[in-house]
Amino acid sequence: MQTQDLLQEEPNLQAIGKEKFHKSQHWGYCNNVAMLVGEDKPGIGGEPLPGQKLKPKYSVFPEGMGSDAPAWVAFDKQVLSFDAYFEEEVPDKNQELYRIRHCKIYFYLEDDTVQVIEPQVKNSGITQGTIVRRHRIPLPPPHEDQFYTIDHFNINIEVILYARKYKIIDCDQFTKNFLRKMGIRLNPPAGRPDDPYTKERQKILESMKPLRPYERIDTLKQFLEHDGHVLRFFCVWDDPESMFHDPRELVLHYYLSDDTIDIKEIIPVNSGRDAVPLFLRRDKLPKYAPTGLYQPGTITSRTVLNVFGKLVGNRGHYILDNRKTGAVHQEFYRDSDLKIGAVINVWGRKIILCDCDEFTKKYYRTKYGIEDFTPVPYKALPPPKPEKKFPPYTGFGSEEDSLCSCMGLLPKPPQRDFKKFMEKDRSGMESNILRFLAKFVTDSPIDKDRKFIISYFLSDDTISVFEHIQRNTGILGGKFLERGRIKKPGQELFKSEPSEYFKAQNLFVGAKVCFHGHNFLLVDADEYTFNYMEKHANEFSVADIGVILKKLKDITESRSREIRQVFAATDPEHTKVIEYDPFRNLIVRITDGAFSEHEIMTLGRYYSVRDEYEMDLHSLLSAAQEQLKKNSFENFEQLSAVLIYNDQEKCGVLPHEMCRTICKSFKLPLADDNLQALLTMFENDHKQVEYKKFVDGLNWRENQIPACQMIKIPFKNEDDWSGQSPSIPVKGIKYLRLLDDLFGKEE
């Protein structure tokens, strides 16, 4: 009973781990007759039936060959190459009865495809190339249902491809190694038979060579190695037959590809010589020239001898003469003959090689080991250019206009410095105008109290003078001097050299200037002028704090202790701050008047104590709303929409500079310093402006501030400056910082 149960369980044990249970179709109909159609099909799950041997459809490789990947991946681009030939009958031809044609058989391992290619033979008259295109080739009958695999190929065997018999005679080394790894025993290679007709043709071709023994003249190697390589020398030819006996400059090119030379002449401008493309056309240059003319055929690359002469009838037999009997030998210039300082013969003209280019130097340094490339001087020193003298100024028009009439036949108007004009022209809040308060240098009691405003325009270096109107003086104020360039005094009027004009560097506080006979003393400047000169301190030495400190240090370095005591005496309460007037008097006394007023003011401004004002937000908004209301500005909704659009993160804040730029684009009628102060008032802890509160504060339509809280603040306009003192004067000066910068910190 137990034995019967085990037998019943045995099929189930064999099915453990099995995954495929499909069945093949073995029976079918052929011509409406039921018959067995799947003799080669496997049984259940792809396993062979008892006693059945399945024939592989593709090449079977042993384990370890390639990888576990499919054949089209493991053997990609791997090809077995076999040398073979086949015999082809040639009917109806007496010269040959058969023909031996050599070919290559390629077996592609990735898909078992075969290709047959016949190498092309020159003048064969046969269409050669691909004989059998690449594809899987079936075996000859009666096994035409199967295809060629790797097991069907070996050396010294015959294969039949579409009824044509190919004899495999050898293979390459890769194929031999691969077949050995497959376990195939390789046969010894067979010999390659010769085609009888090809041998006969070869004999005919060899007998048709006209010159024997053959002398080969091969210049292809030299051409391939040096094509495009040219040596260049700079030469000079001293022509003795020329009218003025002047040397003529030449450029010699030596072509390394064929040892030829050409020469070009450098013709100076206005030399009177005809411009020709070449002084010497490209050809080999003989060393000993000129020589007599040779008859045609005298100079040849080969020499032949008539062996029989006229002994055998009138027919001669010519062979090549290796000894060059009777040949004309000519010596030509080579690269070894050319060097700096050498004199070469160019068809009777003595030409000196004076210099060469860098490629030529490198070539001779590499090939011949030459290191000395000292050029030969051949050019005479150019004559000194005569100094161009201009006639003196005639007095008509401006000096620049008169000078332009001397620069050419067609007078042109003087050109303005357009770049400087664009850079220094008025732009926004930058006026680029330096304004100084001045007065007459005179003893006249009438003119002594007159005040003038001198404006210097940086865009074109022009100056205008405006007199301040004072009541009950009996002098009409207004425009005193028209805008224009002003010459410095003491210059001759009618002279050839251009006159000197007042520059921006000549104007500073404390300077004395003379405009058309009127002497002015500059006593003050506006805030913009001080700021501009300090910002461009490299152009204005009187506003350069570094230069001023160095100058002061050179004067006072030996009296450091005395100067400290003088400053301490001026500050009896030890506040470390002194007034500007005592500070100015001390600097004047210490330097003995060596410092100008502007330099002292620059020192005072640098070490000054400025009052920090904290403005009330309501007062600032009141003044801003009043200004907006006067200018009828009501575009608050558009301003708010643009600010919201630029707030991409929708967090309600924007950078300070971005808000300022947007307000400027709307032409908000507020001064820049007031706008900056307003934006600062609405900044949060992260220095970001809360633009919604800012716009609501400016909106005088909806959020008008009551009149009782309004404080009128005068808005500054730079053009209205009339010479008054600056709005934030220098009241106190921290002198200890100045002393520490001059003499170092006191221990």
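Two strands pair if DSSP finds at least two bridges between them. Strands (E, at least two residues) and helices (H or I, at least four residues) are DSSP runs, numbered from the N terminus. I am reading a predicted model, where local features need pLDDT of at least 70, side-chain atom pairs count only at pLDDT 80 or more, and totals for chains, interfaces and linings use all residues. Residues are numbered from 1 along each chain as its sequence is written, and side-chain values use heavy atoms, with hydrogens and water left out.

**Entry: a strand pair.** I looked up strand 10 (residues 247–255) and strand 11 (residues 260–265). They run antiparallel, joined by six bridges. I then looked for the partner of V251 and found K264, in strand 11.

Entry: I traced an open sheet of six strands, paired antiparallel in the order 12-11-10-9-16-15. Why is one side of strand 12 and of strand 15 left without a neighbour in the sheet? Strand 12 (280–283) and strand 15 (343–346) stand at the edges, so each has a single partner strand. From one strand to the next, the twist averages 35°.

**Entry: a helix on the sheet.** Helix 6 (residues 358–367) packs on the sheet and touches strand 9 (230–238) and strand 16 (349–356). Touching here is contact, meaning heavy atoms within 4.5 Å. The direction of helix 6 makes about 110° with that of strand 9. Such angles run from 0 to 180 degrees between N-to-C directions, with axes fitted to C-alpha atoms, for helices over the stretch in contact.

**Entry: the whole protein.** I noted 19 helices and 27 strands. Among contacts between residues at least 6 apart in sequence, 56% join residues at least 24 apart.
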